[in-house]
Amino acid sequence: MGKNDRFNHDELFTSFIRENKENFYRLAYSYVKNSEDALDILQDAIHKAIVSIDSLQDIKMLKSWFYRIVVNTSLDFLRKHKRVSIVDAETMEYISSGSEDHYENIDLERALDQLTPEYKSIIVLRFFEDLKIEEVADVLNENVNTIKTRLYKALKLLRVELNDEIIKGAN
């Protein structure tokens, strides 16, 4: 990669991050449920991306490449810290005052938290980040058919979990 190519990649990456920072923050937050940790994850993911930008063969893959970094950094954080964070009211208000595609349904959020990371990642990327199945497969470094199967299973699990929540709420 020549000097001009490197400059163009850096410039594209910088504008890409600026334009999508809320999405990346929301994605990290969906894993850790803590604004400071989500910001740390995002900062760490950006650093990892800058260090390894030369490994990006095709700039058209920037979106899925960076989403993969954010997901992996979030999962690494969870593995290292193995803890559950309680969200304070101010943080929840800040998050919910964001764009229109935030988590509005507390039962849905609770149900999502019950899923294993492999299922939760698929649901969040597909429905909250609005990625296509092929993009989800690329981000998670999986076969498209594997993602379809896991998506079906995750939706089935969510349906069961949400039904349990509704039944508990009625009592």
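Modeller: Glu135, at 23% relative accessibility, counts as partly exposed.

Biologist: Why is Glu135 called partly exposed?

Modeller: Buried means under 20% relative accessible area, exposed means over 50%, and partly exposed lies in between (1.4 Å probe, protein chains only). The 23% of Glu135 falls in the middle class, so the residue is termed partly exposed.

Biologist: On what basis are such values given?

Modeller: This is a predicted model, in which local features need pLDDT of at least 70 and side-chain atom pairs count only at pLDDT 80 or more, while totals for chains, interfaces and linings use all residues. Residues are numbered from 1 along each chain as its sequence is written, and side-chain values use heavy atoms, with hydrogens and water left out.

Biologist: What makes the contact of Lys63 and Glu135 a salt bridge?

Modeller: The term requires a side-chain nitrogen of Lys or Arg within 4 Å of a carboxyl oxygen of Asp or Glu. Lys63 lies in helix α3 and Glu135 in helix α7 (residues 133–139), so the pair ties together parts that are 72 residues apart in sequence. Helices here are DSSP runs of H or I with at least four residues, numbered from the N terminus.

Biologist: How many salt bridges does this rule give?

Modeller: The count comes to 10 salt bridges.

Biologist: How do you know that Lys33 and Asp113 form one of them, and which parts of the chain do they tie together?

Modeller: Their N to O distance is 3.3 Å, which meets the limit, so the pair qualifies. Lys33 lies in the loop between α1 (3–32) and α2 (35–51), whereas Asp113 belongs to helix α5 (residues 106–114), so the pair ties together parts that are 80 residues apart in sequence.

Biologist: What makes Lys48 and Asp76 a salt bridge?

Modeller: The side chains meet at 3.9 Å, N to O, and therefore fall within the limit. This pair links distant parts of the chain, with Lys48 in helix α2 and Asp76 in helix α3 (residues 62–81), 28 residues apart. Lys48 is partly exposed at 31% relative accessible area, and Asp76 is partly exposed at 28%.

How values were computed:
Helix = DSSP H or I, 4+ residues; strand = E, 2+ residues; numbered from the N terminus.
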